[in-house]
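Trainee: I have a structure open and would like to learn how to read it. Could you take me through it step by step?

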There are 2 protein chains.
Amino acid sequence: MSGFLRYKKILDLFSEERSSWTVLEISKALKKPSSTIYRIIREMVLAEFLESAAGSYFRLGPAFIKFNRIINFSDPLVRAGQPFLKKLADENPITSVNVLARLYGNKVMCVADYKSPSFKKNTSYQRGKLMPLIYGATSRAIIMQITNRKLQDLINLENFKSDEDKNNFLKDLKNDRKKGYCITEGQVDKGLIGFAVSISNKKLGIEASLSSIFDLDEFLLEHEPIIYANLTSYGLLVEKYINEIFEDIQNYHHETNSIR
Amino acid sequence: MSGFLRYKKILDLFSEERSSWTVLEISKALKKPSSTIYRIIREMVLAEFLESAAGSYFRLGPAFIKFNRIINFSDPLVRAGQPFLKKLADENPITSVNVLARLYGNKVMCVADYKSPSFKKNTSYQRGKLMPLIYGATSRAIIMQITNRKLQDLINLENFKSDEDKNNFLKDLKNDRKKGYCITEGQVDKGLIGFAVSISNKKLGIEASLSSIFDLDEFLLEHEPIIYANLTSYGLLVEKYINEIFEDIQNYHHETNSIR
DNA sequence: TTATAATTATCATTATTTGATAATTTAATT
DNA sequence: AATTAAATTATCAAATAATGATAATTATAA
């Protein structure tokens, strides 16, 4: 265990389910002597990536809140898409959860979400949550824009139940690519239906999706064209804004570099 | 430069104002050879703490969004206080920004905020933003609960204009401690008035504040008693919930430890 | 106060980082 | 498609830092 991994392995222990650890627990989990863990933890506490809590427990530190904010204000995808989620929700024919998600390793991560105030059911899509790559429209609209080697690598990491399962998935992917958007029912959350379009920007390396999720109890077939129209138009709008932001960033860097 | 600092120094370059850097720029800024920076950056990209963007720039990675989420769902202060911010806003006599903030190093960080939808002015208090320790009611209600050595250390880090300035600050602090809450006008944002109460929990090491910020153009003296009543009652409520969460955590750890 | 747990310090050994440079890959331009 | 420049990775000996066993100290609880 060396380099950044030494720190990351500790951070990765912290989860929603288990958000505080003692040095001894960490030392057991990572099979490292506690003197080593103490030394590392001390460094991370100093850097505010961890903080000590009651009862000699440690938890994640405020540095994450700070850097998260910087991302919020600067990430082109979040900046471009965030403001449209509420509008999308307001224009949808029924209450919805609206999500901006992106590839994160071999998972999909929601980076922004807006739920209509009166939406009743619980959904898995909340900012920061990691979701499976192969289930749900949100994820599908991301993976369907990935090709060649990268797609192969990602798919090889997935555990399909059978070869047939895998082939079906690939066939669906092909169809969705042709249609330009995805619909899935209950793949992630029972009783919900999701619609999604791809969001991409080659130059910025953005592989993302915009999606609206509805309660199956409220959803009617006649809603589909409106949902589809909303998603595609807002999707294009988000991509347009990403481009503008990209140009802003470029100009900024040109300026600051020429000043020097 | 060794240990975690090596990584932190790079991360600390990234700010709202300057959210993407090339390896060469980092290498200049930190006065380190680019081969070294490349090696470090590669590690951090692999860990998703950085990600490569267009034009050989790098920016903060999605790991921060993920860990930020875990904090949101597990930090006792956020969990206990977050749900009350909207209620506080709704019960205030005029539109307001409501903030939960805590000590972060020698600064104050907002960890949750709720703005009345129709609040017009811009405020500095937004989740994740670092604020000065000695200005504004939000900060004052935090520092006023700190004593002895820790207070000395924190105050020594501040640059007061004069000794008189410093003495005035200490005098105000004493008064606020007696009163049990703080009011400041325009210290952080011109045209705004802030009210704050302390939030603390010894066992959890929480030194925080709950505050409501109003537009001076809307604020009337007769609002003060209601504001005061709201803040103190919600402040106590938040502290009560922090305590309950603390006990939940304890029980959880007892269970998991006895199972093993 | 005493006892126990938590944390820090020490230090020789072992392993890793460093930085100069070369090699390779990628992107831009002709 | 070929050329060039820029970005990134690889190499390796020297310098530096991490490790972990143990001892010492400090905080916490009984």
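Mentor: Gladly, beginning with the two chains: 63 residues of chain B are in contact (heavy atoms within 4.5 Å) with 62 residues of chain A. This is a predicted model, where local features need pLDDT of at least 70, side-chain atom pairs count only at pLDDT 80 or more, and totals for chains, interfaces and linings use all residues. Residues are numbered from 1 along each chain as its sequence is written, chains are lettered from A and ligands numbered from 1 in the order in which they are written, and side-chain values use heavy atoms, with hydrogens and water left out.

Trainee: What is the area buried between chain B and chain A?

Mentor: Interface size is often given as the accessible area lost when the parts come together. Here that buried area (accessible area, 1.4 Å probe, that two parts lose on being put together, summed over both) is about 5500 Å², with carbon and sulfur atoms giving 61%. On the chain B side, F4(B), I65(B) and R69(B) lose the most area to chain A, together 14% of what that side buries.

Trainee: How many salt bridges does the rule find across the interface?

Mentor: Side chains of opposite charge can pair when their charged atoms come close. With a salt bridge taken as a side-chain nitrogen of Lys or Arg within 4 Å of a carboxyl oxygen of Asp or Glu, the rule finds eight across the interface of chain B and chain A. D75(A) pairs in this way with R59(B), their closest N and O atoms being 3.7 Å apart.

Trainee: Which residues lie nearest the centre of the largest pocket?

Mentor: Rolling a probe the size of a water molecule over the atoms shows where empty space is left. A pocket is found on a 1 Å grid over the protein atoms alone, as an open set of points where a 1.4 Å probe fits, with protein on both sides within 12 Å along at least five of seven lines; lining residues have an atom within 4 Å of a point. Of the 38 residues lining the largest pocket, Q82(A), D113(A), Y114(A), R127(A) and D113(B) lie nearest its centre. The largest share of that lining, six residues, comes from α5(A).

Terms used
Helix = DSSP H or I, 4+ residues; strand = E, 2+ residues; numbered from the N terminus.
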